[in-house]
Amino acid sequence: MKYLRRWISACSVIFILFATVFPSYAAGSTISYNYNETNVFVNQDNSSIEYTESRDDGLYFISEHFNGDTIDSKIYKIENGENRFISTIHSKITSNGVICAETKANGETDSYKISVDVIENKPQITPYFRSARYIRTEKSEISLLGKKLTIGIVATAIMAVTPMMPFAVATKIVIAAIAGAGGGGVNVLPNYLYVTTDIYSSQLAGKRYRRYENRYYLDRARTQCVGSWTFSKRWGNGH
């Protein structure tokens with residue numbers, strides 16, 4: 001098994017997730033990505049991820065399962081080739097962040113919140129151009145300061161600020177952020193992650209759609225982009 005540190009520091013991860021133009025504008029989103037290693041995770045699918053991570057005091061194995069708006073994370077320390085249970089963290093997505101509740105092996109508990117704040121919302125309705133028009137831009141911050149983190153927990157925070165994003169896509173954004181921050185695990189992530197969302201409206205065959213173009217950054221100046229994801233959905237009439 002290859003360690004996450006060995007892989008993540010050796011590769012440059014670029015995620016470009018995009019929705020194609022008409023007529024597939026209403027079809028949702030597609031994903032393409034590029035990285036050097038493919039056998040890092042013991043298991044990863046649409047709702048779970050298992051991986052090893054090097055920390056200051058040794059190597060850890062983390063197993064996480066996402067269901068609905070919650071994720072359960074089990075953390076083990078690898079000692080002499082065996083997994084010693086450390087804790088479980090149950091996390092739930094809310095309208096403005098993620099609530100986490102940790103239960104340690106000795107029964108002690110701890111609760112904390114990863115906050116998501118919209119710091120800028122600029123509406124700017126423009127005329128339709130080629131059946132589409134710009135609506136507004138939102139800028140958000142995800143606070144990771146002083147929190148116990150895993151790839152899955154950070155992914156749910158990204159999902160809190162990016163509605164409808166699949167869990168598997170969010171984990172890839174987190175891995176890109178780790179690589180961009182120098183590799184080694186979630187401990188290298190900065191205190192904040194930054195998100196910019198441009199929103200557009202369109203009309204096609206008498207139906208209305210919204211397109212959300214999301215970009216994810218390591219810095220407040222938004223110069224270190226680690227990934228992007230775009231999706232479209234029907235708007236109005238219960239859609």
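A cavity is here a set of points, on a 1 Å grid over the protein atoms alone, where a 1.4 Å probe fits but cannot get out, and its lining residues are those with an atom within 4 Å of a point. The structure described is a predicted model, in which local features need pLDDT of at least 70 and side-chain atom pairs count only at pLDDT 80 or more, while totals for chains, interfaces and linings use all residues. Residues are numbered from 1 along each chain as its sequence is written, and side-chain values use heavy atoms, with hydrogens and water left out.

**The cavity**

The structure holds one cavity of 30 Å³ or more. The largest cavity contains about 40 Å³ of space, a volume being the space filled by probe spheres set on the grid points, which are joined across faces, edges and corners. Its lining is formed by Ile-142, Ile-158, Ile-173, Ala-177, Leu-193, Tyr-194, Val-195, Tyr-216, Tyr-217 and Val-226. By class, this lining has 10 nonpolar residues, no polar and no charged ones; Ala, Val, Leu, Ile, Met, Phe, Trp, Tyr, Cys and Pro count as nonpolar, Asp, Glu, Lys and Arg as charged, and the others, Gly among them, as polar.

Helix 3 (167-180), strand 11 (192-204) and strand 12 (207-217) each supply at least two lining residues. Strand 11 gives the largest share, with three residues. Helices (H or I, at least four residues) and strands (E, at least two) are DSSP runs, numbered from the N terminus.

**Aromatic pairs**

Across the whole structure, seven aromatic pairs are found. Rings of Phe, Tyr and Trp (its six-membered ring) pair if their centres lie within 6.5 Å; planes under 30 degrees apart count as stacked, over 60 as edge-to-face and the rest as tilted. Two of the stacked pairs are tabulated below.

| Stacked pair | Centre to centre | Angle between planes |
|---|---|---|
| Phe-66 and Phe-167 | 5.1 Å | 0 degrees |
| Trp-229 and Phe-231 | 4.7 Å | 25 degrees |

Phe-66 lies in strand 5 (residues 58-67) and Phe-167 in helix 3, so their pair ties together parts that are 101 residues apart in sequence. Phe-66 is buried at 11% relative accessibility, and Phe-167 is buried at 3%. In the other pair, Trp-229 is buried at 3% and Phe-231 at 5%. Buried means under 20% relative accessible area (1.4 Å probe, protein chains only).

Phe-61, Tyr-76 and Phe-85 form one aromatic cluster.

**Charges over rings**

The charged end of Arg-55 sits over the ring of Tyr-60, 4.5 Å from its centre. Likewise, the charged end of Arg-211 sits over the ring of Tyr-200, at 4.4 Å from the ring centre. Such a contact requires NZ of Lys or CZ of Arg within 6 Å of the ring centre and within 35 degrees of the ring normal.

Conventions: 1 Å grid on protein atoms, 1.4 Å probe; cavity = no way out; pocket = protein on both sides within 12 Å on 5 of 7 lines; lining within 4 Å. Buried < 20%, exposed > 50% of the residue type's maximum accessible area, 1.4 Å probe, protein only.
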